[in-house]
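Dear colleague,

Please find below the structure I am handing over to you. My notes on it follow directly after.

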Amino acid sequence: MSLRIVVCVKYVPDATGDRHFAEDLTVDRDDVDGLLSELDEYAVEQALQIADEADEAEITVLTIGPEDAKDALRKALSMGAHKAIHVEDDDLHGTDALGTSLVLAKAVEHAGYDLVICGMASTDGGMGVLPAILAERLGVPQVTLLSEVSVADGKVTGRRDGDTASEQLEAALPAVVSVTDQSGEARYPSFKGIMAAKKKPVESLDLSDLGIEADEVGLDGAWTKVDDAAERPARTAGTIVKDEGEGGKQLAEFLAGQKFI
Ligand SMILES: Cc1cc2nc3c(=O)[nH]c(=O)nc-3n(C[C@H](O)[C@H](O)[C@H](O)COP(=O)(O)OP(=O)(O)OC[C@H]3O[C@@H](n4cnc5c(N)ncnc54)[C@H](O)[C@@H]3O)c2cc1C
């Protein structure tokens with residue numbers, strides 16, 4: 001039987017551009033260029049490697065995001081994924097992590113899955129919480145932050161590297177995993193892959209397709225809210241301590257004054 005892999009990929013604002021909050025203190029997604037979150041490229045790569053090892057496998061890439069988020073899906077398809085699901089709905093504006101996990105869970109169930117692969121964190125929100133919440137919502141095991149992952153005999157196994165130890169973990173499928181930026185360099189799409197991606201199916205879904213009410217997501221359904229945001233002040237010039245015999249003392253006074261020591 002074919003191994004069904006769903007990879008959750010996020011379309012994020014380009015970190016090299018100028019990023020802003022909109023008036024309602026949500027991220028201004030209209031004003032910036034976006035791209036496939038770099039950390040999710042590792043998730044796509046691991047899905048491709050697992051599919052290569054399997055007798056038969058199908059990789060679906062899934063994103064929740066605005067119209068332009070299709071660019072992230074096309075990139076993942078050009079790397080080698082087979083098909084894509086794009087969830088878009090005006091009522092998603094302002095959805096927090098809990099709401100996002102609800103939509104992802106319904107979309108993953110809609111796709112059908114044996115294994116869900118996520119990145120370790122998005123490069124914009126960066127909370128790194130979605131894989132765990134998603135697994136909880138789906139009622140399946142989670143094996144997160146893997147730097148090595150493989151699938152065999154109905155199980156997913158992997159290595160999680162900590163500061164003091166490396167753990168070897170396994171879970172029965174179906175399961176959710178997240179992979180780190182140490183899991184292996186993501187491949188570049190080939191020209192053939194880019195051309196093939198144009199013909200691969202992208203299914204568009206909205207909230208009603210997934211049986212989700214508008215008030216379960218968006219700013220109204222959010223459990224977290226940004227109360228205030230201010231631009232980071234411009235950097236000031238550093239303090240230069242000239243050593244004319246008293247340099248060490250001045251340095252210590254400076255550090256003590258800043259409460260570093
Ligand atoms: C149109 C839109 C508007 C939003 N507005 C707000 C807002 O105003 N306030 C707010 O708090 N949040 C908002 N969100 C949700 C927010 O951007 C995050 O998706 C959510 O809070 C999860 O946090 P994170 O990005 O830190 O995820 P993490 O937990 O860091 O993500 C880990 C992994 O989960 C997967 N993942 C995360 N997000 C997505 C996604 N969208 N699609 C597919 N896979 C994903 C990826 O594999 C990722 O590597 C909005 C999202 C969208 C799409």
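Which backbone nitrogen lies 3.0 Å from a polar atom of the side chain of Ser-122? In this predicted model, that nitrogen belongs to Gly-126. The side chain of Ser-122 also has a polar atom 3.1 Å from the backbone nitrogen of Gly-125.

As to its setting, Ser-122 sits in the loop that runs between β6 (115-119) and α4 (130-138). Ser-122 counts as buried because its relative accessibility is 17%, and the cut-off for buried is under 20%. Leaving aside residues up to four places away in sequence, Ser-122 is in contact with Lys-10 and Ser-37.

Turning to the chain as a whole, its secondary structure consists of seven helices and 12 strands. The C-alpha trace extends over about 75 × 45 × 40 Å along its principal axes. The chain has 261 residues, of which 38% are classed as buried. Among contacts with a separation of 6 or more, 71% join residues 24 or more positions apart.

To return to the opening question, the polar contacts of the Ser-122 side chain described here are with the backbone nitrogens of Gly-125 and Gly-126.

With kind regards

Terms used
Residues are numbered from 1 along each chain as its sequence is written. This is a predicted model: local features need pLDDT of at least 70, side-chain atom pairs count only at pLDDT 80 or more; totals for chains, interfaces and linings use all residues. Side-chain values use heavy atoms; hydrogens and water are left out. Helices (H or I, at least four residues) and strands (E, at least two) are DSSP runs, numbered from the N terminus. Buried means under 20% relative accessible area, exposed over 50%, partly exposed in between (1.4 Å probe, protein chains only). Contact means heavy atoms within 4.5 Å. A polar contact is a pair of N or O atoms within 3.5 Å; within protein, one must be able to donate a hydrogen and the other to accept it, and residues adjacent in sequence count only if both atoms are side-chain atoms.
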